[in-house]
Amino acid sequence: MRTQYLRRHNDTRRVFILGACAVVAVLVLGVRFFTPNFFFALMAPLLHSSSSVTASVGDAVSGLTDSSQLAAQNRALEDQVLALRNQNQALTTRTQDLTKLLGGTREGSGSITAGVLARPPESPYDTLVVAAGSKNAVVAGSEVFAQGGIPIGTVEHVGADTSQVSLFSLPGRTTSGWVGENRIALTLTGAGAGAFTATLSKDSSVSVGDLVYLPGPGAIPMGTVARVDTDPSSPTEVIHVQPSVNLFSITWVVIGNTAP
Amino acid sequence: MPWKRIILCVCAIVAPLYIPWYLAILLAAFAAGFVPPIAIVVGLIFDLLYYPGNGLPYFTILGVLGAAIAFFVHRFVKTRIMS
């Protein structure tokens, strides 16, 4: 008798808990979809703290490395930065000369720099949450660029202070691009975590190491061909693209004022 | 002990903000063994924060399935102990 009473009592309590959870879930879903600005305004401090904690942990772990090794690494990186800075300067000068010679359009300066609050692998859907929203004149559909002007995605949702960026590498998402010196047109399909695949005909002469380009503006190199899969029975080959941007450590992005 | 379950649930709920998603899923699965509705809560949190707006909300679906499995496993184990 006592066992049956306890079992009924526990079942009632369990049903009550599940019902309460369902009500809370419906309320939270309602807030998320009908008042998304309010929801992300609530979550923004937590996302900021998440970025701070991640950075602190990274600094603490890097402090455990041997100091002489760190110093050598630092010197090598400084040399690399100097070389790249010089190369960038030379290319900028060349671009300016060519623009003067051929005439060019004046680019708008409406781009917005935004810090990244959440990135893969914390974010599972190949999305970024950035600390810029409608207050910073961010518009849904704008193209988003990583360091070096490499396009990585588009703004999907805009809140007051934060925005959600959907990356081009979202599984199943397709983007037009080009590959190789001959700029062979292809359709890149997202494979997650910044990687892409594309299907080309076998006589396209694409090889490992060829650069892959995305539009915006012009053809911008965004990765290299990491692997080419061929099947003797198929007239096509599948290329796998490795991105040049490490999305797992991206800290800031530039949001353009135009859609791709 | 109830306070251990509370700490475990709180850790599972904040995990989507601080650790990689696959580790957060593992932690939620472990917590669901003690409190099955946590799986739904964590799945909802993932989709509320990161759902891109197209396609299925996979983490909510995974959370509901995980909670259902955890609920039946929990009940099955408990029944065997009691009987």
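**Ground rules**

I call a residue buried under 20% relative accessible area, exposed over 50%, and partly exposed in between, with a 1.4 Å probe and protein chains only. My helices (H or I, at least four residues) and strands (E, at least two) are DSSP runs, numbered from the N terminus. This is a predicted model, so I kept local features to pLDDT of at least 70 and side-chain atom pairs to pLDDT 80 or more, while totals for chains, interfaces and linings use all residues. Residues are numbered from 1 along each chain as its sequence is written, chains are lettered from A and ligands numbered from 1 in the order in which they are written, and side-chain values use heavy atoms, with hydrogens and water left out.

**Entry 1: strand E12 of chain A**

I started with strand E12 (residues 252–255) of chain A. Its covered face carries Val253(A) and Ile255(A), and its uncovered face Trp252(A) and Val254(A).

Next I looked up its neighbours, counting two strands as paired if DSSP finds at least two bridges between them. E1(A) pairs with E12(A) in the antiparallel sense over 4 bridges, and there Gly115(A) stands opposite Trp252(A). Strand E3 (residues 143–146) of chain A also pairs with E12(A), antiparallel over 2 bridges; here Val144(A) faces Ile255(A). A reminder to myself: strands of a sheet pair through backbone hydrogen bonds, either parallel or antiparallel.

**Entry 2: the barrel in chain A**

In which order do the 6 strands of the barrel close? I read it as E6-E7-E8-E11-E10-E9 (chain A), with antiparallel pairing. The twist averages 45° from one strand to the next; the axes are lines fitted to C-alpha atoms (for helices over the stretch in contact), and angles run from 0 to 180 degrees between N-to-C directions.

Strand E6 (residues 174–179) and strand E9 (residues 211–215) of chain A run antiparallel and are joined by 2 bridges. Trp178(A) has Tyr213(A) in E9(A) as its bridge partner. Tyr213(A) also has Arg183(A) over its face, at 4.0 Å from the ring centre. For that I need NZ of Lys or CZ of Arg within 6 Å of the ring centre and within 35 degrees of the ring normal.

**Entry 3: aromatic pairs**

I pair rings of Phe, Tyr and Trp (its six-membered ring) if their centres lie within 6.5 Å; planes under 30 degrees apart are stacked, over 60 edge-to-face, and the rest tilted. The structure holds 8 such pairs over all chains. The Tyr125(A) and Tyr51(B) rings sit 6.0 Å apart at their centres with planes at 75°, so I noted the pair as edge-to-face. Why does this pair join two chains? Tyr125(A) is in the loop between strand E1 (112–118) and strand E2 (127–130) of chain A, and Tyr51(B) is in the loop between helix H3 (37–50) and helix H4 (58–82) of chain B, so the contact crosses from one chain to the other. Tyr125(A) is buried at 8% relative accessible area, and Tyr51(B) is buried at 13%.

Trp21(B) and Phe59(B) also pair edge-to-face, at 5.7 Å centre to centre and 90° between the planes. Trp21(B) is in helix H2 (residues 21–32) of chain B and Phe59(B) in helix H4, so this pair ties together parts 38 residues apart in sequence. Trp21(B) is partly exposed at 31%, while Phe59(B) is buried at 8%.

**Entry 4: helix H1 of chain B**

H1 (residues 2–18) of chain B has 17 residues and should span 24 Å at 1.5 Å a residue; its end C-alpha atoms are 24 Å apart, which agrees. My expected span is 1.5 Å times one less than the number of residues. H1(B) bends by about 25° at Ala12(B), with Pro16(B) following within four residues. I took the bend as the angle between axes fitted to the seven residues ending there and the seven starting there. Buried residues in H1(B) include Leu8(B), Cys9(B) and Ala12(B).

Most residues other than glycine have a negative phi, and most peptide bonds are trans. The bond from Pro120(A) to Pro121(A) is cis, with omega near 5°, and Pro121(A) lies in the loop between E1 and E2. Asp126(A) is in the loop between E1 and E2 of chain A, has a positive phi near 60° and is buried at 5%. Ala193(A) has a positive phi near 55°; this residue sits in the loop between strand E7 (184–192) and strand E8 (195–201) and is partly exposed at 43%.
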